Amino acid sequence: MSREDRAVQRDRERQDHQSGPEGPPVLGPTVDAQTRCIHYRTVLDVIAIRFACCGEFYPCHLCHEETAGHPSRPWPAASRHERAILCGLCRCELTIQEYTRSPHDPRCPRCGAVFNPRCSRHHALYFAPAGE
Ligand SMILES: [Zn+2]
Ligand SMILES: [Zn+2]
Ligand SMILES: [Zn+2]
């Protein structure tokens with residue numbers, strides 16, 4: 001873990017004490033109040049995604065697969081305005097467009113939390129590419 005990561009983690013632990021969970025419920029096997037789950041639990045894994053099929057927030061596609069009991073459906077390309085991403089730190093809901101705008105440097109536009117850039121490898125599971 002780099003020095004920067006440790007600083008981020010310290011900040012997050014401070015924020016933990018200041019604010020309890022608000023906003024929409026996050027389903028599935030979460031491991032903390034910042035939407036980390038049993039599959040993705042690094043310091044950067046602090047988003048939950050609302051699934052187009054059921055309208056519920058889950059931390060990741062595996063959580064949905066194991067918990068929801070139905071196949072997931074990606075958001076159509078025309079749904080970029082949907083507030084389908086939940087920041088686990090400030091609990092604000094981002095639109096798909098806001099979240100996918102900078103896949104290599106994703107962060108929360110409200111609180112500045114840095115998200116895991118590796119999630120962009122899985123975007124197609126959540127958001128249908130334009131043109132489909
Ligand atoms: Zn679903
Ligand atoms: Zn998960
Ligand atoms: Zn935030």
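## Strand S1 and its partners

Ile 49 has Ile 85 as its bridge partner in S3. This pairing belongs to a predicted model. Strand S3 spans residues 85–87, runs antiparallel to S1 and is joined to S1 by three bridges.

Strand S1 also pairs with strand S2, which covers residues 57–58; the two run antiparallel and are joined by two bridges. Here Arg 50 is bridged to Phe 57 of S2. Six residues separate the strands in the hairpin of S1 and S2, and within this hairpin Gly 55 adopts a positive phi near 75°.

## Burial of strand S1

Strand S1, residues 47–50, is covered on both faces. Ile 47 and Ile 49 are buried on one side, while Ala 48 and Arg 50 are buried on the other.

## Glu 98 in helix H3

Helix H3 comprises residues 96–100 and includes Glu 98. Glu 98 is classed as partly exposed because 19 other C-beta atoms lie within 10 Å, whereas a buried residue requires 20 or more.

The C-alpha atoms of Glu 98 and His 81 are 8.5 Å apart in space, and the two residues are 17 apart in sequence.

## Confidence of the model

The protein chain has a mean pLDDT of 89, with 84% of its residues at 70 or more. Residues 15–19, however, have pLDDT below 50, and this stretch makes one contact in the model beyond near neighbours in sequence.

Notes. Residues are numbered from 1 along each chain as its sequence is written. Chains are lettered from A and ligands numbered from 1 in the order in which they are written. This is a predicted model: local features need pLDDT of at least 70, side-chain atom pairs count only at pLDDT 80 or more; totals for chains, interfaces and linings use all residues. Helices (H or I, at least four residues) and strands (E, at least two) are DSSP runs, numbered from the N terminus. A residue is buried if 20 or more other C-beta atoms lie within 10 Å of its own, exposed if 12 or fewer, and partly exposed in between; C-beta atoms are placed from the backbone. Two strands pair if DSSP finds at least two bridges between them. pLDDT is the predictor's confidence in each residue, from 0 to 100. Two residues are in contact if their C-beta atoms, placed from the backbone, lie within 7 Å.
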